[in-house]
Amino acid sequence: MKDYLVRGIVQSKNCRVFACQTTQLLEDARLKHGLWPTASAALGRMMSATLMMGAMNKNHEKMTVTINGGGPIGTMLATTNSDGKIKAFVANPEVHYTYNDTGKLAVGVAVGREGQLQVIKDMGLKEPFIGTVPLQSGEIGDDFSYYFMVSEQVPSVVSVGVLVNDTNEVLSSGGFIIQLLPDATDEDIEYIEDKMKDFPPVSSLIHEGKTPEDILKMIFGDVEILDSQDLFFECDCSKDKMKKALITVGKDELQAMIDEDHGCEMRCQFCNEKYQFSEEELHEIIKEID
Ligand SMILES: [Zn+2]
């Protein structure tokens, strides 16, 4: 089943809503990066939230989210042009922790909570918008929710989840975001809080076959869907881009690569694609610098 997100509005409750299914794109990311289950869960939650945040931008702005909580997973980074395509990585994909009491994937342990979540939006102006908040739990959903409240002054419910099977394959991934509009009343807030109390985990719902639209209808009954967007894990790296990166390395370093290794291999950190440069190609690059 293809991944997509929907954006909608609930007039009767004065809120706007987003929901997405990201199972396939997380499985793609898992295979490219060799993610262990807790790393899959952390990156999947982050990509779902980032893609939904991207859908809030009307002008296809480039958006980069970085989370660094001091935990064993290290820095996590996701980038999207708000066009449904996302690329992302974690510094250490081989992390796996579960909570003893519930057996659930311990994302907060892997991510840590001594750090921050940062959002950079490039709106084509001179200075990009940068919003940074301290992490709350490292469980990702709470952290995005806190970001929306503090950095954008929008009270939001953020629910993101991932389910992984015994052989580490991604069974389901996705989430939803509810944001209060300025006209929201105390009754609207109570309604949402009440609904969220015993709401099933979003990863279970997606695994059962519920669509993003179904999940929003479970919460609100009636939702006006404004648009939908297909989602992909897709990297825009190329040999040409790698070459440009090599130019910045400088002549001395390139000469050392020729002398010591007779070429070099560049690896894209977003998708793990490898690019080989022969001795001759490195000589060409040195000529271009001169
Ligand atoms: Zn790449």
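The model is predicted: local features need pLDDT of at least 70, side-chain atom pairs count only at pLDDT 80 or more, and totals for chains, interfaces and linings use all residues. Residues are numbered from 1 along each chain as its sequence is written, and side-chain values use heavy atoms, with hydrogens and water left out.

First, some terms. Helices (H or I, at least four residues) and strands (E, at least two) are DSSP runs, numbered from the N terminus. Two strands pair if DSSP finds at least two bridges between them.

Now the sheet of 6 strands. This sheet is open, its order is β7-β6-β3-β4-β5-β11, and its pairing is mixed. At the edges are β7 (129–134) and β11 (232–233), each of which pairs on one side only. Helix α4 (residues 141–152) packs on this sheet and touches β3 (62–68), β6 (116–122) and β7; contact here means heavy atoms within 4.5 Å. The direction of α4 makes about 125 degrees with that of β7. For such angles, axes are lines fitted to C-alpha atoms, for helices over the stretch in contact, and the angles run from 0 to 180 degrees between N-to-C directions.

How enclosed is β3? In β3, 5 of the 7 residues are buried, so the strand is largely enclosed by the rest of the structure. Buried means under 20% relative accessible area, exposed means over 50%, and partly exposed is in between, with a 1.4 Å probe and protein chains only.

β3 pairs with β6 in the antiparallel sense over 7 bridges, and V65 stands opposite V119 in β6. β3 also pairs with strand β4 (residues 76–80), again antiparallel, over 5 bridges; here T64 stands opposite T79. By contrast, strand β5 (residues 85–90) and β11 pair in the parallel sense, over 2 bridges. I86 stands opposite F233 in β11.

Next, the sheet of 5 strands. It is open, with the order β8-β9-β2-β1-β10 and antiparallel pairing. β8 (156–164) and β10 (224–230) each have a single partner strand, so one side of each has no neighbour in the sheet. From one strand to the next, the twist averages 10 degrees.

Strand β2 (residues 15–21) pairs with β9 in the antiparallel sense over 7 bridges, and Q21 stands opposite G174 in β9. Helix α5 packs on this sheet, touching β2, β8 and β9, and its direction makes about 160 degrees with that of β9. Helix α7 (residues 212–220) lies across β1 (4–10), β2, β9 and β10, at about 140 degrees to β2.

Last, the rings. Rings of Phe, Tyr and Trp (its six-membered ring) pair if their centres lie within 6.5 Å; planes under 30 degrees apart count as stacked, over 60 as edge-to-face and the rest as tilted. There are 4 aromatic pairs by this rule. In one of them, the ring centres of Y147 and F148 are 5.7 Å apart and the planes are at 65 degrees, so the pair is edge-to-face. Y147 is buried, with a relative accessible area of 0%, and F148 is buried with 0%.

The rings of F176 and F199 have centres 5.7 Å apart and planes at 85 degrees, so this pair is edge-to-face. What does it tie together? F176 lies in strand β9 (residues 170–180) and F199 in the loop between α5 (186–197) and α6 (202–207), so the pair ties together parts 23 residues apart in sequence. Both F176 and F199 are buried.
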